[in-house]
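This report is meant to be read alongside the sequence and the model. Please look through both before going on.

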Amino acid sequence: MENKAPSMLMPALVSGGALGFLSGLPISSCACCLWAAGAGFLAAFLYSRSCAGSGAAFDAGKGGTLGLLTGAVFGVVGAVISSVISLVTGGLDIDSMREGIESNPMITDPEAAEQAIQFFESAGPMLLVLILALIFIVLGVIFAVIGGLIGGMAFKVEAPATITGDGWSASLP
């Protein structure tokens with residue numbers, strides 16, 4: 001008889017939601033990728049404890065799957081928090097973007113810089129919010145999967161041996 005694995009939803013919601021919220025705050029957003037990997041790692045820790053309690057196995061493969069789910073939660077929560085704060089505080093100001101593009105020494109083609117500025121002006125802040133949210137979600141998923149894989153290796157749980165059939169055959173890990 002197989003031990004039923006616990007749901008991955010609660011560890012993903014707790015770790016992805018909490019660390020996604022922290023990552024969306026302006027003061028801690030510079031460590032966004034670290035927060036995402038930490039969310040996957042924390043979810044793996046929480047899930048391994050649930051697996052140990054229920055007698056189910058947990059390994060790096062399940063850690064990667066858990067990291068995928070956690071990264072999606074992390075990305076959505078972080079993108080929403082970051083977008084709301086940016087829209088409320090005026091963080092997506094076109095004039096400051098123009099100034100940043102014009103003062104960037106890496107941009108050598110003034111025509112391309114002007115096209116980028118015109119695109120930002122015509123698109124408006126909502127398109128920029130959507131683009132930034134998509135980037136946030138993609139990076140969140142990638143790094144949370146990495147954290148989940150590492151957590152799956154670090155917190156590996158073996159399924160206990162079970163006796164089946166006539167009482168003499170056993171499936172061992």
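What covers the buried residues of helix 1? The sections below begin with the basis of the model and then take up this question.

## Basis and confidence

This is a predicted model, in which local features need pLDDT of at least 70 and side-chain atom pairs count only at pLDDT 80 or more, while totals for chains, interfaces and linings use all residues. Residues are numbered from 1 along each chain as its sequence is written, and side-chain values use heavy atoms, with hydrogens and water left out.

The pLDDT, which is the predictor's confidence in each residue on a scale from 0 to 100, averages 86 over the protein chain, and 91% of the residues score at least 70. Confidence is highest in helix 1, at 95, and lowest in strand 2 (residues 169-171), at a mean of 53. Where pLDDT is low, the predicted coordinates should not be read in detail. Helices (H or I, at least four residues) and strands (E, at least two) are DSSP runs, numbered from the N terminus.

## Helix 1 and its cover

Among the buried residues of helix 1 are Pro11, Ala12, Leu19 and Ser23, where buried means under 20% relative accessible area, exposed over 50% and partly exposed in between, with a 1.4 Å probe and protein chains only. Their cover includes helix 2, helix 3 (60-89) and helix 5, as judged by contact, that is, heavy atoms within 4.5 Å.

Ser23 lies in helix 1 (residues 9-24) and is buried, with a relative accessible area of 1%. Not counting residues up to four places away in sequence, Ser23 touches Ser28, Ser29, Cys32, Trp35, Phe74 and Phe136.

## Nonpolar cores

A nonpolar core is a set of buried Ala, Val, Leu, Ile, Met, Phe, Trp, Tyr and Cys residues joined through side-chain atoms within 4.5 Å. The largest one has 10 residues, including Met8, Ala12, Ala43, Leu66 and Val157. Helix 2 (residues 32-54) gives the most to this core, with 4 residues. A second, separate core of 8 residues includes Leu19, Cys32, Ala36 and Ala39.

## Gly140 in helix 5

Gly140 lies in helix 5 (residues 110-154) and is buried, with a relative accessible area of 0%. Leaving aside residues up to four places away in sequence, Gly140 touches Ala36, Gly71 and Phe74. Gly140 and Ala123 are 17 residues apart in sequence, and their C-alpha atoms are 25 Å apart in space.
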